[in-house]
Amino acid sequence: MDAIKLLKTDHKLVKELLTQLEETSERATKKRASLLREIQINLKAHTTIEEEIFYPAFKKAGRKAEAKMYFEALEEHRAAEDLVLPDLLATDPASVEFSGRAKVLKELIEHHADEEEKEMFKDARELLSREELAELGSLMEARKEEVIASFG
Ligand SMILES: [Fe+2]
Ligand SMILES: [Fe+2]
């Protein structure tokens with residue numbers, strides 16, 4: 001599969017899960033926990049294939065502007081995965097704080113994914129050939145499966 005298509009499909013899924021999470025109430029604690037788990041797994045799989053495979057290829061194919069996008073994107077992953085998500089995972093799903101924290105994660109991820117799609121992926125289509133994108137896509141699909149499997 002084309003690398004960009006694969007990443008965009010991931011974005012759509014994670015955004016949908018975050019929307020569902022936002023719509024839950026304090027009473028839906030099991031639903032909140034299971035959605036959060038799904039978000040955590042899919043997010044990890046996605047950021048792993050971006051950081052290990054897609055981003056380095058993008059940075060290598062580009063120049064200064066691409067390097068800047070690369071470092072910015074890494075920081076946004078760090079903010080989402082190392083700061084906001086752990087905080088949400090540690091929040092009681094029956095609490096009133098939960099929905100506000102879920103909203104922060106949703107907005108952060110939406111902003112990041114939109115920026116990737118509008119800037120980085122657009123740029124990548126010009127820098128990388130169709131063959132290169134297909135090759136990256138295959139590597140990413142395989143790696144994604146590994147990450148998902150590692151969650152058991
Ligand atoms: Fe990303
Ligand atoms: Fe992404």
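How many cavities of 30 Å³ or more does the structure hold? I looked this up before anything else, keeping in mind that the model is predicted. The structure holds 1 such cavity.

**Entry: the cavity**

I noted a volume of about 150 Å³ for the largest cavity. Its lining is made of 15 residues, and those nearest the centre are Leu43, His46, Thr47, Ile109 and His112. I then asked which helices supply the lining with at least two residues each. The answer is α1, α2 (29-61), α3 (64-89) and α4. I also sorted the lining residues by kind, and they divide into 6 nonpolar, 5 polar and 4 charged.

**Entry: iron ion, ligand 1**

Next I went to the metals. I found that the iron ion (ligand 1) is coordinated by Glu50 (OE), Tyr55 (OH), His77 (NE2), His112 (NE2) and Glu116 (OE), at distances of 2.1 to 2.4 Å. Reading along the chain, I wrote down the donor spacing as E-x4-Y-x21-H-x34-H-x3-E. Tyr55 sits in helix α2 and His77 in helix α3, so this pair ties together parts of the chain that are 22 residues apart in sequence.

**Entry: iron ion, ligand 2**

I repeated the search for the iron ion (ligand 2), and its donors are His11 (NE2), His46 (NE2), Glu50 (OE) and Glu116 (OE), at 2.0 to 2.2 Å. Why is the arrangement called irregular? The 4 donor atoms subtend angles of 85 to 173° around this iron ion, whereas four donors count as tetrahedral if all angles lie between 85 and 135 degrees. The spacing of these donors along the chain is H-x34-H-x3-E-x65-E. His11 in helix α1 (residues 3-22) and Glu116 in helix α4 (residues 97-127) are 105 residues apart, and this pair links distant parts of the chain. I checked burial here too: His11 is buried with a relative accessible area of 5%, and Glu116 is buried with 2%.

**Entry: between the irons**

How far apart do the two iron ions lie? I found 3.2 Å between the iron ion (ligand 2) and the iron ion (ligand 1), with Glu50 bridging them.

**Entry: a record to compare**

Last, I opened the UniProt record, an unreviewed entry, which lists residues 4-38 as "coiled-coil region". In the model, that span is 83% helix and 0% strand. Its end C-alpha atoms lie 22 Å apart.

Conventions. Residues are numbered from 1 along each chain as its sequence is written. Chains are lettered from A and ligands numbered from 1 in the order in which they are written. This is a predicted model: local features need pLDDT of at least 70, side-chain atom pairs count only at pLDDT 80 or more; totals for chains, interfaces and linings use all residues. Side-chain values use heavy atoms; hydrogens and water are left out. Donors are N, O and S atoms within 2.8 Å of the metal (3.2 Å for Na, K and Ca); water is not among the atoms, so sites may look incomplete. Four donors count as tetrahedral if all angles lie between 85 and 135 degrees; four count as square planar and six as octahedral if opposite donors are over 155 degrees apart and all others between 65 and 115; anything else is irregular. Helices (H or I, at least four residues) and strands (E, at least two) are DSSP runs, numbered from the N terminus. Buried means under 20% relative accessible area, exposed over 50%, partly exposed in between (1.4 Å probe, protein chains only). On a 1 Å grid over the protein atoms alone, a cavity is a set of points where a 1.4 Å probe fits but cannot get out, and a pocket is an open set with protein on both sides within 12 Å along at least five of seven lines; lining residues have an atom within 4 Å of a point. Grid points are joined across faces, edges and corners, and a volume is the space filled by probe spheres set on the points. Ala, Val, Leu, Ile, Met, Phe, Trp, Tyr, Cys and Pro count as nonpolar, Asp, Glu, Lys and Arg as charged, and the others, Gly among them, as polar. UniProt positions are given in the numbering used here, feature names are shortened, and annotations may be inferred rather than shown by experiment.
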